[in-house]
Amino acid sequence: MRITDIQRCEVRPGRLVEWTLSPATVQAAAGLPDDSRPPAYIQESHIRTARSVREDGLFVPTWLGTAFDIPGRIDLDALEDALRSWTLRHETLRSGFRLRDGEMRRFTLSTGAVSLHREVVGDFSEPADLVRHLQDRFDVAADALGWPNLIYTAVVRDDCTSVYMAFDHSNVDSYSIQRIPAEVHELYAANVAGRAVEQTPAGSYIDFCEIERADADRIDETHEIVARWREFIHRCNGMLPSFPVDLGLVPGGRLPTQKLMSEMLVSPDDAAAFEAHCRPYGGSLVGVLAATSIIVREIGGQSVYRTVVPFHTRVKSQWSDSVGWYVGGAPIEIPLVPAADFPTLLKTVRSQLQTSRPLARMPLARVLRLLGSDFRPTSPDLYSIVSFVDARGIPGSGRWSELAAYGLIRVSYGDQVCVWINRLHEGLWFACRYPDTDIAYKNMRLYAERLRDLIVLVARGSVPPVSGVRAGHLADR
């Protein structure tokens with residue numbers, strides 16, 4: 001799925017309709033007892049970070065969403081039933097948290113207590129006005145510190161309706177978002193046709209949270225995983241790694257606003273050839289990280305590339321259809337010795353990933369707590385990432401272009417760089433969220449251009465040297 005923001009997802013005029021959890025549902029939630037299942041460490045860290053940043057005087061929206069079209073004249077009742085059925089299928093969407101005596105306690109509604117409230121907002125004739133309204137509405141309705149923290153909307157036209165759905169990040173990850181268009185389409189089509197949809201129950205993310213947290217709480221500060229993170233953070237000068245190029249940031253300054261870069265990076269043929277070259281070493285993720293290590297040496301003069309690689313934690317099939325935030329991080333270090341060539345870097349990255357990937361199953365928030373360091377977060381992102389996902393196997397991915405399907409991210413504030421590279425049927429899609437400074441724009445533009453250059457070089461049979469095209473030469477183009 002093409003990852004972008006609400007400004008770049010083909011928003012068109014129409015009549016806006018929205019659904020939120022009904023007042024009766026909200027009232028029922030207020031009287032619920034605690035659910036004994038705890039938050040995941042990643043959920044707790046996310047919400048406490050949001051609170052910390054808010055207390056520092058800054059409202060930082062962090063919602064994720066999806067956008068897709070339903071062709072033809074819409075049946076709003078059938079769509080509403082589809083949205084409710086989809087919501088009930090995923091337990092985390094009817095669960096929230098209360099802060100009591102400094103502890104986060106969960107509450108969870110039964111399926112019978114959940115209903116949607118529909119409201120016709122009105123007609124929008126200008127796309128810019130509609131975009132502004134949707135972003136402002138999502139900021140409030142999908143707030144990390146509020147509940148409910150999801151909202152569904154539809155922009156209705158005679159020939160096509162566009163659906164936009166937003167969620168606080170605590171309930172969804174990128175994979176969850178990318179599954180939504182096909183699932184809602186299937187439910188909607190069944191409702192229109194008057195037939196039932198045969199679905200096996202989806203695993204509960206809340207159950208996963210309980211299992212993962214119990215496992216994480218069994219380790220202490222003497223565990224090998226904690227020791228490895230301690231050594232990694234020590235080599236990062238006591239911090240988690242940022243993207244190792246100049247971002248034009250003032251030390252100790254306020255959290256900067258961010259910008260988004262999103263574009264198709266290379267064609268399907270070049271993506272396939274790049275994958276074929278990298279497959280003996282582990283595939284395109286290994287190739288992207290090897291290429292990135294070359295580029296940060298060129299731009300920033302780094303002798304070692306250190307980063308935290310995101311991996312999914314859906315290690316059992318029972319979680320494969322589940323909506324939730326199934327992501328962990330693994331630390332890697334790539335020495336950038338001048339004599340190293342691209343095949344050597346591929347081998348190094350493969351070795352690092354094989355060694356470090358098991359660490360992604362232990363929540364980093366648990367590790368940081370055991371380290372006893374003062375990691376009071378001042379940014380919504382603990383570290384910078386470069387993520388690669390082959391999304392072609394996700395149900396419905398073959399229709400994403402036809403249905404104008406997008407994964408939406410909220411670009412607001414942050415001092416880190418987050419790069420997402422998705423392999424689609426149409427090629428490699430690149431998206432990057434970065435601090436809004438002239439220097440950061442220049443260096444991330446260089447990164448994107450050089451990454452494209454290296455992927456194409458490899459795809460077409462050339463093996464790039466580590467000290468190949470210099471960043472200065474790119475800047476002179």
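The structure is a predicted model.

The secondary structure of the protein chain consists of 13 helices and 15 strands. Along the principal axes, the C-alpha atoms occupy a box of roughly 65 × 50 × 45 Å. Of the 477 residues in the protein chain, 56% are buried. Among contacts in the protein chain with a separation of 6 or more, 82% are between residues 24 or more positions apart.

The accessible surface of the protein chain amounts to about 19800 Å². Carbon and sulfur atoms contribute 49% of this surface.

Thr-87 is located in helix H3, which spans residues 76–89. The relative accessible area of Thr-87 is 1%; because the limit for a buried residue is under 20%, Thr-87 is classed as buried. A polar atom of the Thr-87 side chain lies 2.7 Å from the backbone oxygen of Leu-83. When residues up to four places away in sequence are not counted, Thr-87 touches Leu-93 and Tyr-152.

How values were computed. Residues are numbered from 1 along each chain as its sequence is written. This is a predicted model: local features need pLDDT of at least 70, side-chain atom pairs count only at pLDDT 80 or more; totals for chains, interfaces and linings use all residues. Side-chain values use heavy atoms; hydrogens and water are left out. Helices (H or I, at least four residues) and strands (E, at least two) are DSSP runs, numbered from the N terminus. Buried means under 20% relative accessible area, exposed over 50%, partly exposed in between (1.4 Å probe, protein chains only). A polar contact is a pair of N or O atoms within 3.5 Å; within protein, one must be able to donate a hydrogen and the other to accept it, and residues adjacent in sequence count only if both atoms are side-chain atoms. Contact means heavy atoms within 4.5 Å. Accessible areas come from the Shrake-Rupley method with a 1.4 Å probe; for residues, only the protein chains shown count as cover.
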